Structure formats: C-alpha cells, structure tokens
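Please go through this protein model one element at a time. Keep the sequence and the 3D view side by side as you read.

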Amino acid sequence: MAFETAISGLNAATTQLDIASNNIANVNTNGFKQSRAEFADIYTGSDLGVSSLAVSRGVRTAAINQQFDQGNIKSTNNNFDLAISGGGFFMLDDNGGTVYSRAGAFGVDRSGFVTNSANQKLMAFQVDAAGLPASAPVPLQIDTSDVAPQATGSVMVGVNLRAAAPTIALPFDPTVAGSYTNSTSMTFYDSLGNSHVAVLYFVKSAANTYDTHLLMDGTEIVPAAGGTITFGTDGKIATPATGQIVYAAMPVPGAADMNVTLNYAGGTPTTQYGDTYSVNALDQDGYSTGRLATISIDETGRVFARYTNGQSRLQGQLALANFANPQGLRQAGNNAWVETFASGIPLVGAGGSARLGIIQSGALEESNVNLTEELVKLILAQRNFQANAQVIQAEDRVTQSLINLR
C-alpha cells in the first residue's frame with residue numbers, strides 16, 4: 001500500500017512541477033493567468049462510509065484552477081494595445097466562434113479588421129446616430145475612407161462691439177479703413193471642400209446700430225432681409241429678434257451655391273458694451289475633405305476615428321464579457337478561454353458597466369505570475385518528490401527484509 005501512496009505523491013509533485021514550470025514559462029505572456037493545483041486525499045470507503053481506522057491511500061489532483069486576479073498594466077506606444085482594468089474579457093471572433101481573452105495586443109489587418117496575432121477579430125457593438133450600442137457584438141472593422149467635405153452653412157459669431165465707437169457716415173468700402181468700424185476674418189468651405197476667405201465688417205451707422213457686410217473672396221454676399229443689428233440699452237441684441245442674419249445664395253464656380261446664416265445669439269452672443277472691440281467666438285460648421293489620422297479608444301471602449309480636417313467618427317464600442325464563474329472557463333490556447341456549462345453564459349456589456357472593468361488604450365496587462373512565488377513552489381515540489389521517493393525506498397527495504405526471512 002505504501003508503494004501506491006508514494007506513487008500518488010510522486011504524481012502530485014510532478015503535477016506541481018508542471019504547473020510551476022508552465023507559470024514560469026509564461027511570466028512574460030500578456031494577459032496570462034497563473035494556474036494553481038488543488039489536491040485532495042484518498043480514502044477507501046464502503047457503503048457505510050469511511051472507517052475511523054482507515055488510512056489514507058494517498059493524494060489526487062482535485063482541480064487545476066486559474067487565478068484571475070489583476071496583472072500589472074504597462075504603457076505602450078500603440079493605441080491598439082488594450083488593457084482591462086477590472087473584471088471582464090475581450091470578445092474575439094475565431095472563425096465564427098467566440099473566445100474570450102485578457103491579452104490586448106491588437107492591430108489592423110488589410111481589410112480594416114482589428115485582430116490579434118492569432119487572426120482572431122476583436123468584437124464590438126455597432127452604434128446608432130446617438131452613439132449608443134445598437135446591435136449584438138460583431139467584428140470591429142475600421143472605416144479608412146475619407147470624410148466627405150461639408151459646405152459652410154451656419155456660423156456662430158460672438159463679438160463685443162464698442163458702445164462708444166463713433167458713427168460712420170461715409171459709404172462702406174472694404175478698401176477704405178475709415179469706412180467701417182471693425183472687421184474679422186474666417187474660412188468658409190464649399191461643397192467640394194475648397195476653402196474661401198470670408199471677411200465680416202461692422203459699421204456703426206447710428207446709436208446702438210451696426211450694419212454688417214459679409215464678403216467672400218472679395219465679393220459681398222447680399223443679406224436676404226437686411227444686415228443691420230440693433231442693441232437695447234442693456235447692450236444685448238434687440239433686432240433681429242432671432243439674432244440671425246440669413247444671406248442669399250452665393251454662386252461658387254464648380255460647386256453648389258453657398259447658403260450661409262450668421263447667428264449672433266449663439267452660446268457666446270454678440271454684445272455692445274462699453275469695452276474694447278473683441279472677438280470671443282467664431283465657429284462655422286463647414287470642413288474640407290479629411291483623411292484618417294489616428295484611432296483613439298476611451299475607457300468605455302468607444303472607438304473614434306479622427307481625421308486631418310478635425311472631424312471624428314464613432315466606429316463602434318468594444319464589447320466586454322464576464323461570467324458568473326470564470327473558473328469554469330476552458331483554456332483554448334493563444335491566451336484565450338471558451339465558455340462552458342460550469343462558467344455560465346457570458347454577461348456582455350460596455351467597459352465600466354456592471355462587473356466590467358474600464359479599458360486603457362496604449363497599455364497591456366502583464367502576466368499575473370509572481371516569479372519568486374513560483375520558484376519557491378518549484379523547491380517545495382522537488383522536496384515533495386524526493387520525500388515520496390524515499391518512501392518507496394523504505395518500503396522496498398521492508399519488502400526485501402520480508403522476502404529474506406528464512
């Protein structure tokens with residue numbers, strides 16, 4: 001019996017050596033989770049249970065469990081390197097099946113899909129016009145096409161016009177400095193994305209009254225219903241009541257006619273106070289053609305494509321999954337796990353919600369292996385192996401003594 005007991009001990013020590021060596025081998029594997037062996041003793045039972053005088057028949061490996069505690073997070077220079085700080089797993093499409101991983105080293109393939117080194121595709125929610133998840137997770141594909149230009153249509157103007165400025169009676173002429181009170185310039189874009197120089201002139205024509213003149217590429221654009229702004233005694237716009245001046249269509253060679261509205265009552269409204277002339281806000285909604293410049297991912301997993309024209313597009317939102325029992329997941333290799341009955345079904349959501357951690361872009365989660373601890377386990381497993389070998393030698397000597405009896 002001692003032979004069998006000692007052999008079970010040797011097997012347990014070998015298992016411990018195998019697990020420790022595997023942990024050590026993966027000390028630099030991103031997203032790796034260390035394994036731990038759990039052992040149980042063996043008793044021979046009967047229908048009436050285990051006798052109080054029964055002697056253990058050795059040891060067996062009851063389970064090999066992975067420890068899903070957080071690994072250290074290190075910074076990198078790649079926006080597609082992702083780390084989860086907290087619970088959850090990345091969802092990956094593996095030839096139509098779904099696997100789960102904590103390893104976040106990703107890149108973009110020639111088709112625009114975000115993949116890892118095993119060609120597994122990172123999965124994300126598609127988003128609706130409001131930027132909210134609108135579907136089940138699908139492989140994330142980056143749209144690398146250019147952003148089409150948008151013609152300028154609305155301009156927010158926030159300036160302070162001097163209340164004490166003198167009235168100007170000579171006719172307006174943009175080439176004569178004394179024929180206008182103040183001016184400011186901006187850039188307009190046509191439907192083809194071509195830029196045009198626009199200059200806005202202010203002429204104080206009477207008390208609390210300013211005439212406006214808008215020129216594009218040296219040609220004045222005619223207001224549809226007058227371009228005069230009057231102010232109340234509080235320095236705020238009295239007319240037009242909406243604070244907006246609408247201009248007639250401006251022909252542009254080769255492009256669509258431009259239809260521009262200047263809004264003087266926006267977030268930073270135009271005023272007439274006893275201060276110096278100042279331009280506080282100029283914001284127009286047009287832009288030129290844009291090429292993809294960078295991809296950024298926020299902590300909730302929203303993927304933004306940013307373009308050379310200053311625009312950005314939401315490409316999707318990364319899908320994370322967690323499980324009621326992560327220990328029940330089955331290892332699938334390539335730093336991935338698959339769902340099992342024991343793990344329960346995946347609980348899918350966005351980063352930072354429920355039991356799901358936040359996402360750090362430009363970072364990777366390191367292995368959670370403690371190298372010093374694993375080296376100590378190696379020493380203990382070696383000692384256990386040697387001790388069980390000694391048991392076999394002792395049992396062998398006892399057996400030889402019995403055989404040699406005359």
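Gln 244 stands opposite Asn 263 in strand β21. The model is predicted, so local features need pLDDT of at least 70 and side-chain atom pairs count only at pLDDT 80 or more, while totals for chains, interfaces and linings use all residues. Residues are numbered from 1 along each chain as its sequence is written, and side-chain values use heavy atoms, with hydrogens and water left out.

A few terms come next. Helices (H or I, at least four residues) and strands (E, at least two) are DSSP runs, numbered from the N terminus. Two strands pair if DSSP finds at least two bridges between them.

Strand β18 is joined to β21 (residues 261-263) by three bridges, and the two run antiparallel. Both strands are part of an open sheet of four strands, in the order β18-β21-β11-β22 and with mixed pairing.

Strand β11 (residues 154-160) contains Gly 158. This glycine is buried, with a relative accessible area of 0%; buried means under 20%, exposed over 50%, and partly exposed in between (1.4 Å probe, protein chains only). Apart from neighbours within four places in sequence, Gly 158 is in contact (heavy atoms within 4.5 Å) with several residues, including Thr 268, Pro 269, Ser 278 and Val 279. Asn 334 is 176 residues from Gly 158 in sequence and 57 Å from it in space, C-alpha to C-alpha.

Next, the backbone. Most residues other than glycine have a negative phi, and most peptide bonds are trans. Thr 239 and Pro 240 are joined by a cis peptide bond, with omega at about -5 degrees. Pro 240 is in the loop between β17 (237-239) and β18. Asp 217 is not a glycine, yet has a positive phi of about 50 degrees. It lies in the loop between β14 (209-216) and β15 (219-221) and is partly exposed, at 47% relative accessible area. Asn 335, also not a glycine, has a positive phi of about 60 degrees. Its place is the loop between β27 (330-333) and β28 (336-338), and at 29% relative accessibility it counts as partly exposed.

β6 and β28 pair in the antiparallel sense over two bridges, and Ser 101 has Ala 336 in β28 as its bridge partner. β6 (residues 97-101) also pairs with β5 (residues 89-94), antiparallel and over five bridges. In this pairing, Met 91 has Tyr 100 in β6 as its bridge partner. β5 and β6 form a hairpin with two residues between them, and Asn 95 in the turn has a positive phi of about 55 degrees.

The axes of α1 (residues 2-25) and α2 (residues 371-403) come within 8 Å and cross at roughly 160 degrees. That makes α1 roughly antiparallel to α2.

How values were computed: Axes are lines fitted to C-alpha atoms, for helices over the stretch in contact, and angles run from 0 to 180 degrees between N-to-C directions. Angles under 35 degrees count as roughly parallel, over 145 as roughly antiparallel, 65 to 115 as roughly perpendicular and the rest as oblique.
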